[in-house]
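Have the structure open and follow along.

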Amino acid sequence: MTTDGSQTTAGATAWHPASWRGLPAKHQPAWPDVAELERTCKGLSTLPPLVFAGEARSLKAELARVASGEAFLLQAGDCAESFDGFNAVAIREKLRVILQMAVVLTYSSGVPTVKVGRIAGQFAKPRSSQTETIDGTELPSFLGHMVNDLPFSSDNRRPNPERLIQAYNQSASTLNLLRAFTKGGFADLHRVQAWNQEFVASSPEGQRYSDLAAEIDRALRFMEAAGVSSNHPEIHEADFYTSHEALILEYEEALTRQDSLTDDWYDCSAHMIWIGERTRQLDGAHVEFCKGIKNPIGCKVGPTATPEDVLGLCEALNPDRDPGRLTLIVRMGADKVADNLPPLLEAVRDAEHSVVWASDPMHGNTFTAESGHKTRHLDDVTTEVSQFFAAHREAGTWPGGIHVELTGEDVTECLGGEEEVAQGDLAKRYETMCDPRLNGRQGVDLAFRVSELLR
Ligand code: PEP
Ligand code: CO
């Protein structure tokens with residue numbers, strides 16, 4: 001392989017971090033000053049990596065266990081992270097609900113839960129329309145804080161490359177805190193009861209969680225009394241990985257580095273990155289970029305995906321059939337998954353491709369409530385996951401995980417749950433910058449519903 005884009009003997013251009021350039025890339029901002037963008041990315045390319053290649057390899061090894069049915073994947077976090085109100089409490093609360101959900105899933109399935117956040121880099125959004133028009137004024141759509149800002153003015157909506165640097169800096173400090181929390185005692189299993197936040201603990205699902213936590217406490221005390229030391233790193237620390245949609249390829253390219261141990265290329269902006277439903281074209285820039293990096297890669301698979309599309313993605317992104325390399329994230333909609341998923345499962349299974357299958361039960365179930373709020377109902381979310389499990393049972397394949405949008409906070413963005421959020425409640429605490437997220441209670445509720453499917 002050449003690293004400068006020169007021709008190989010076969011005549012094809014060899015992969016390099018910029019080889020996506022020149023290929024069609026959908027959902028890209030119309031940067032007003034491309035020279036400024038390139039200058040900014042040149043600066044980014046000299047900054048330290050956010051994650052290390054060895055960490056991405058560890059995640060890949062864990063995902064390989066998911067691919068073979070020995071572990072379950074929980075990928076969760078914001079639809080879009082925000083530069084506003086960035087603070088430690090919000091990060092802690094998100095981590096807390098993910099740890100709670102993982103405990104529920106592990107306890108009922110008896111297999112480890114691999115924890116991956118949509119966090120520390122989830123700042124760029126593809127939008128159905130390039131522009132938004134309000135009262136006759138047309139401006140670029142909001143594309144995430146990595147690109148522009150939400151309030152409707154031409155200043156805010158102008159794509160600004162300086163935001164790439166701010167995204168990098170916020171990712172770095174988020175990762176720093178996550179590492180501190182997960183390795184410094186917060187994630188200790190002895191604190192399983194303390195992860196139950198006040199507003200969650202007071203609800204039926206929080207009570208159910210508390211009962212489960214008490215069982216874990218008793219088991220830990222029993223082990224200690226029986227002389228079995230619980231002094232293992234697995235008890236005191238958690239492995240937690242980061243991921244985001246790799247939409248803005250100039251940013252991803254700038255953070256792509258060659259690993260000194262293996263000479264392989266890694267996108268060091270996150271442990272795992274994924275390709276969105278709108279940018280998964282086989283001849284497009286996003287697939288090309290992901291082909292050459294060694295990180296674990298996700299790819300969304302929506303209701304229009306054919307078996308040929310999916311086999312093409314497997315061949316392009318994981319030609320060596322390396323377990324853990326590729327996660328297919330299915331987001332069909334509760335009313336479509338039962339019909340559309342089985343042919344995909346059968347095709348991938350019969351072609352003997354090794355993939356992790358995860359269910360994103362959020363993005364195919366969005367609708368607009370009477371109040372105008374974009375929302376999702378927890379019942380539709382649960383229906384999609386249970387149909388996903390049923391299709392796997394039928395195909396003899398492993399329903400490897402779930403991919404969800406949530407926050408640890410007590411927001412009212414999605415409907416339903418044991419402590420019902422109703423249409424009239426949506427306006428109370430609707431805080432998302434993009435898609436509606438499950439709140440902490442609904443997240444724990446979903447984990448219990450999934451754990452019943454896993455039993
Ligand atoms: C998302 O995950 O926020 C997203 C935009 O999803 P999709 O690509 O599946 O539409
Ligand atoms: Co979303």
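Is glutamate 237 buried, partly exposed or exposed? Glutamate 237 is partly exposed, at a relative accessible area of 34%; here buried means under 20%, exposed over 50%, and partly exposed in between, using a 1.4 Å probe and protein chains only.

Before going on, some housekeeping: this is a predicted model, in which local features need pLDDT of at least 70 and side-chain atom pairs count only at pLDDT 80 or more, while totals for chains, interfaces and linings use all residues. Residues are numbered from 1 along each chain as its sequence is written, chains are lettered from A and ligands numbered from 1 in written order, and side-chain values use heavy atoms, leaving out hydrogens and water.

Back to glutamate 237, whose side chain meets that of lysine 183 in a salt bridge, 4.0 Å from N to O. The term means a side-chain nitrogen of Lys or Arg within 4 Å of a carboxyl oxygen of Asp or Glu. This pair links distant parts of the chain, 54 residues apart: glutamate 237 sits in the loop between helix 8 (233–236) and strand 5 (240–245), and lysine 183 in helix 5 (residues 162–183). Helices (H or I, at least four residues) and strands (E, at least two) are DSSP runs, numbered from the N terminus. Lysine 183 is partly exposed too, at 39%.

In all, the structure holds 32 salt bridges. Another one joins aspartate 445 and arginine 449, at 2.9 Å from N to O. These two are four residues apart in helix 14 (residues 440–454), so about one helical turn separates them. Aspartate 445 is buried, with 5% relative accessibility, whereas arginine 449 is partly exposed at 22%.

Salt bridges also form a network, linking Arg118, Lys374, Arg376, Glu405 and Asp435. Two of those names, Arg118 and Glu405, come up again among the residues surrounding ligand 1, where a residue is near if one of its heavy atoms lies within 4 Å. That shell divides into two nonpolar, two polar and seven charged residues; Ala, Val, Leu, Ile, Met, Phe, Trp, Tyr, Cys and Pro count as nonpolar, Asp, Glu, Lys and Arg as charged, and the others, Gly among them, as polar.

Look at the oxygen atoms of ligand 1: one is 2.7 Å from a side-chain N or O atom of lysine 125, and one is 2.8 Å from such an atom of arginine 118. Taken alone, ligand 1 exposes 290 Å², and the protein buries 98% of that, by the Shrake-Rupley method with a 1.4 Å probe.

Methods. A polar contact is a pair of N or O atoms within 3.5 Å; within protein, one must be able to donate a hydrogen and the other to accept it, and residues adjacent in sequence count only if both atoms are side-chain atoms.
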